[in-house]
Amino acid sequence: MRLDSRVRVADDGSALFAPWGRVMRLSSAEQAMLDEDTVEVVDNESSRLARHLLDVEFAHPRPLKGPSWSDLTVVIAARDEPELVQQLVANLPDLPVIVVDDGSAVPLTCSGATIVRHEHRCGVAEARNTGLRAAHTPFVVFLDPGVVPGPLWVEAMLAHFADPDVALVVPRIAPLPHRKRWIGQYEAMRPTLDPGRRECSLHKRKWDYSVPTTALMVRRQAVVKVGGFDGAFPAFNATDMCVRLAQNGWRLRFDPVAVMRAPARRRCVGGSSGALRPVTVRLGLCD
């Protein structure tokens, strides 16, 4: 575990100062655990210090190793869009993939993936729940059709689950370039799903941010325990999931090293091709 680059050590190592107006005092035993800007978790005492540093956002995890690729299943919830589904699966070598066909007009087929079909449309939340039930690995990553994974995204996201209290990890969502549509050009300059380049925990403070379901990795057992995705939130079921996981004591992380590129959203939530309908959902991320 490493201190945030903005945190300063003062008073001969007995105090930590953060520029967002917070001070943390360290006991002599805790000072001995802090080697320059790093804490290595080796026993219960160092574990408690590391957990506190994480909870007050003074430090970030640097696990030496995490779960393996064999512990991960990819779930893609899709309706129609066979070309985008096949392109995504082709970019996921060496990973088991489950495609949940949510009532496509023409049943989806996809080489390199297991297809689970809903004969009638059930909605994206229930499609993800179907994929969650079909997966048998400890960790599941949900990806939307059209997503283009960046390099090292699996390693970056999986590493967070070395912490047994982490239930969900969100990557950085960057827009795919789009020259013809004005919304695509705007997204490229100010991505609405981009909280920044600083890693942090997700929590219910700080500032408004809607957690995208475009790409997120979860601890399967934790999500099952809180009841999976709620279809009452057709557009913001990942934000709702984060709230319920946090209420049950789980930790949630945002990792900007893991980058996913996605198309600009084609329409606003709850609307069609007509007027824009702004939506605000409160779930904070630290900056």
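Visitor: How many residues line the second largest pocket, and which of them lie nearest its centre?

Guide: Rolling a probe the size of a water molecule over the atoms shows where empty space is left. Here 21 residues line the second largest pocket, and Met1, Val41, Arg62, Pro63 and Leu64 lie nearest its centre. Two elements give two or more residues each to this lining: strand 6 (38–39) and helix 2 (44–55). A pocket is an open set of points on a 1 Å grid over the protein atoms alone, where a 1.4 Å probe fits, with protein on both sides within 12 Å along at least five of seven lines; lining residues have an atom within 4 Å of a point. Helices (H or I, at least four residues) and strands (E, at least two) are DSSP runs numbered from the N terminus.

This is a predicted model, in which local features need pLDDT of at least 70 and side-chain atom pairs pLDDT 80 or more, while totals for chains, interfaces and linings use all residues. Residues are numbered from 1 along each chain as its sequence is written, and side-chain values use heavy atoms, without hydrogens or water.

Visitor: Which element gives the largest share of that lining?

Guide: Helix 2, with four residues. By type, the lining has eleven nonpolar, three polar and seven charged residues.

Visitor: In what order do the three strands of the open sheet lie?

Guide: Strands of a sheet pair through backbone hydrogen bonds, either parallel or antiparallel. In this open sheet the order is 2-3-4, with antiparallel pairing. Strand 2 (8–10) and strand 4 (22–25) are the edges, each pairing on one side only. Pairing requires at least two DSSP bridges.

Visitor: Over how many bridges do strand 2 and strand 3 pair?

Guide: Three, in the antiparallel sense, with strand 3 covering residues 15–18. Arg8 stands opposite Phe17 of strand 3.

Notes. Nonpolar A, V, L, I, M, F, W, Y, C, P; charged D, E, K, R; others polar.
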